[in-house]
Amino acid sequence: RVIPSGSNIIFVSYGPLVSAQFCYFMYGVFLVSNSTTFYTTIASFLARWYILRSGGAFSSVRVWLLVAAVILPPGATIAIIFAFAKLPEEQAKAIYQRSAPPEDISVLVITGNVDFINPAMILACFVIFILVTPLYMII
């Protein structure tokens, strides 16, 4: 579960066998892959536009260069930001207990992000949500 709580985001995973670090890492992988899907679509549109404009074909090297140029910068940005935006586990548990109904948290893995006002989170939200807005408008 993803729970917005005040200016933080809390991630709740079920099962005591998984570490908090692993759960947080997997949520970061999810966000990177989710936003990469949109950037892949942008790369596809750029490739098609180039082919229509130039009337030629794309070499496989040029395709890989385009994909790397469009996908790697935002994906790496999100991954790096997420690595440094992790909230300490005890703080995340305290925030969760304040905002959720009382329950046994011993079977939950609770992690979270620093607040939205943090520059790292502002940049992450910009890369994940704002940069792909033109794609939302086109589709």
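Buried means under 20% relative accessible area, exposed over 50%, and partly exposed in between, using a 1.4 Å probe on protein chains only. Keep that handy for the tour.

This is a predicted model, where local features need pLDDT of at least 70, side-chain atom pairs count only at pLDDT 80 or more, and totals for chains, interfaces and linings use all residues. Residues are numbered from 1 along each chain as its sequence is written, and side-chain values use heavy atoms, with hydrogens and water left out.

**Stop one: the rings.** Select F82, which counts as buried because its relative accessibility is 6%. What kind of aromatic pair do Y24 and F82 form? They are stacked, 5.2 Å centre to centre with 20° between the planes. (Rings of Phe, Tyr and Trp, the last by its six-membered ring, pair if their centres lie within 6.5 Å; planes under 30 degrees apart are stacked, over 60 edge-to-face, the rest tilted.) Y24 sits in helix α1 and F82 in helix α2, so the pair ties together parts 58 residues apart in sequence. (Helices are DSSP runs of H or I, at least four residues, and strands are runs of E, at least two, numbered from the N terminus.)

Show F11, Y27 and F30: with Y24 and F82 they form one aromatic cluster. F11 is buried, at 5% relative accessibility.

**Stop three: a serine.** Click S5 in strand β1, residues 2–5. At 10% relative accessibility, S5 counts as buried. Leaving aside neighbours within four places in sequence, S5 is in contact (heavy atoms within 4.5 Å) with I10, I95 and S99.
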